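The sequence and structure come next.

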Amino acid sequence: TTTPSTIFTEEIIQSGEDHGMFLVEVLNAGGDFLMPFTFGVMGYCPGVAAYDLLGGANFDGSIGLRALSQGGELYRNGRPFASTMSGIKDGDIVGLSFDDGRLAFLINGKVIHEVGLQGRFRFGISFQCPGQACRLLFAQECLDYEVPYKYQEAKGFHFDPASSGATIAEGICACSITSTPNTIFTLETVEVNDEGKFLVVVLNAGGDGDMPITFGIMGSCDGAAAGSRLGSAKFDGSVGLRVGRHGGEFFSDGKVFDTTPCGVNDGDVIGMSFNDGDLVFVINGKAVREVGFKGGSRRFAITFESPGQACCILSPEECCKQKAPKKYRESDGFHFGEETSVAIIDGEMCAFSVTTTPSTIVTEELIKVTDEGKFLVEVVNAGGETTEPFIFGILGAVDVSASHSLLGGSDLHKSVGFRASVHGGELTENGRTIASTDSGISDGDVVGITFSGGQITFAINGRPVSHLGIEGGRRRFGVSFQSPGQACRLLSAEECRKYQVHEPHPYDPTKGFSFDETSHGVLIEGGRYVCSETD
């Protein structure tokens, strides 16, 4: 018939409980009049299915992907809300996967778009003209169907040939052919719990017009990629680092939210590492910014703005060879990174300031909030030549070695620093003091941080001086210098294991209370008798 109509499944899906795939083989996509083929989801009540299309204005609660051979649009309430450059033709396998309340529209295994649904629903197909036809895949066919473009570390990434504005060679090399901003993106999508690296080698950074190159992440829907730059206002859900030869800016929703002094030139390796929803922008192995994403699928992408700009995706083997942030292992402990112009690093364990310029030295290793262990340093020279405060603390995943920022400062992302002199110290975050103590630091003291289950404890000579909770994401530890001569030594993994930090005890009514024997300026015997030792 030429009257629009929707056929739907007998079976009903319960959001958040059921998981699986609804797949059909397209036998005749356009029918007699080459009309769009439509598939999607609807409420459990058939309603107006007999005379309307999925996503139609009168088909309340339904979503439909309507596609011809060159692309399509997703409809809800009679209006398109997303688009795709992937089309549908005879022989294609289309449908939806569902898991944990999320639905992914699929064309030949490629995720086109994701939506979240609650309650009960059915799947359906909408026809608009005679001849359109499809076949439901059997249950075993659905169980055996492998989504080919879900990220697998052993196979790596490939550019989607549907990307416009660039020539794609062998699925891994791309070269811009237009001066209009266009974004090329990966076929493969990653989920929040995936782990790996997306890296490309830059063959031509600026192209004919010496323009910046942008790299970053986008949602699963590719419709906004044509004619758009990552992080622009109309490229919803994307984040991009737009970088030239002398530095760059991070964009989201068309606004700059951070900058980096790191530039990109021909031959550089750029990209992102990802782990448990944490994404780290990387330039030549140096982490320059961390962002996070929650549920849903994401693609990695590159935006070109000038003809001639070009890059190639590194293979999984090449990615493994690239320098990357190290994961913390208690058996190995922590190590400082490479020597910089502001500090001498001896054997990855000792750091010695050589300038009056403020600087921060960070660990090579990253921790996750679920990790447990100790970061401890012995203070070799606390104040240096000008008796400045000694600072130790925690920050985000970004490698800020050789930067002129201090831990706890307003310009150092996710950092908290304990600034201590001989007579006391204060805990600072975002440039503001959040706690203080009369415990000071002298040469020979052991200072640092214990961490467990998202809780960190700042300690001086085994005595806790402040506690703090940290949320999801990876972190580094570090020290900040402000004076020549300031120096410290990282304790080895073995020394950290043996070192005791006196954590507060939970109250036990059968034992009562006792004085903390690390209390300052008093003499304590047996935890109960106390006598002042100060004037």
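This is a predicted model: local features need pLDDT of at least 70, side-chain atom pairs count only at pLDDT 80 or more; totals for chains, interfaces and linings use all residues.

Is C134 buried, partly exposed or exposed? C134 has a relative accessible area of 22%, so C134 counts as partly exposed. What about a partner for C134? The closest cysteine sulfur belongs to C142 and lies 12 Å away, which is too far for a bond. A disulfide needs two cysteine sulfur atoms within 2.5 Å.

Now apply that cut-off to the model. The count comes to one disulfide. The bond joins C173 and C312. Their sulfur atoms are 1.9 Å apart. The angle about the S-S bond is 110°, and the link of C173 and C312 is right-handed.

Where do the two ends sit? C173 belongs to strand β14, which spans residues 173-176. C312 belongs to strand β25, residues 310-313.

C173 is partly exposed, at 24% relative accessibility. C312 is buried, with a relative accessible area of 12%. The cut-off for buried is under 20%.

C129 is in no disulfide. The nearest cysteine sulfur to C129 is that of C134, 13 Å away. C129 is buried, and its relative accessible area is 3%.

To recap, C173 and C312 form a disulfide, whereas C129 is in none.

Definitions and conventions: Residues are numbered from 1 along each chain as its sequence is written. Side-chain values use heavy atoms; hydrogens and water are left out. Helices (H or I, at least four residues) and strands (E, at least two) are DSSP runs, numbered from the N terminus. Buried means under 20% relative accessible area, exposed over 50%, partly exposed in between (1.4 Å probe, protein chains only).
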